[in-house]
Amino acid sequence: MSTLRSRRTATALVTMLAVALPLGAFAQSPAPSGGAQGGTLSVAFEGDPGALEPSQGYDATSWMLERLLWDTLVTYDESTTLVPGLAAAMPTVSPDGLTYTFDLRSDANFVKGGDVLRAVNADDVVFSL
């Protein structure tokens, strides 16, 4: 296999893994009806997280906290099936298998203090990879 082809294959594999690995927040499920909402959630861990940046935090504590903070293009359902996260649907794949095209959900936004700051766009996703 040529060096160029090896690099392309490695690049495609790394890109697929970066997209598929569950580094973002859990998919939001609907709030239970009729119950109280809001409040404070306290969680205890055995130690401090190594990092809260998905590209740097690989320990178990960091990973759990990162999943609460960051969304990914795809995530897992209750089992091990990949499902759309920030993506509106699963990607279309080019015939050569090297290009994956995602459409983002129209309701994916950056939010601070309950206020929508702006919509998530493709540049944000590229930056996060």
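A polar contact is here a pair of N or O atoms within 3.5 Å, where, within protein, one atom must be able to donate a hydrogen and the other to accept it, and where residues adjacent in sequence count only if both atoms are side-chain atoms.

## Basis of the model

This is a predicted model, in which local features need pLDDT of at least 70 and side-chain atom pairs count only at pLDDT 80 or more, while totals for chains, interfaces and linings use all residues. Residues are numbered from 1 along each chain as its sequence is written, and side-chain values use heavy atoms, with hydrogens and water left out.

## Overall make-up

The protein has three helices and six strands, which follow one another along the sequence in the pattern α-α-β-β-β-β-β-β-α; helices (H or I, at least four residues) and strands (E, at least two) are DSSP runs, numbered from the N terminus.

Of the 129 residues in the protein, 21% are buried, where buried means under 20% relative accessible area, exposed over 50%, and partly exposed in between (1.4 Å probe, protein chains only). Among contacts between residues at least 6 apart in sequence, 31% join residues at least 24 apart, a contact being heavy atoms within 4.5 Å.

## Serine 62 and leucine 69 in helix α2

Helix α2, which spans residues 60-69, contains serine 62, and this residue counts as buried because its relative accessibility is 0%. The side chain of serine 62 makes a polar contact with the backbone oxygen of alanine 51 at 2.9 Å. Leaving aside residues up to four places away in sequence, serine 62 touches Pro49, Gly50, Ala51 and Gly57.

Leucine 69 also lies in helix α2, but its relative accessibility is 52%, so leucine 69 counts as exposed.
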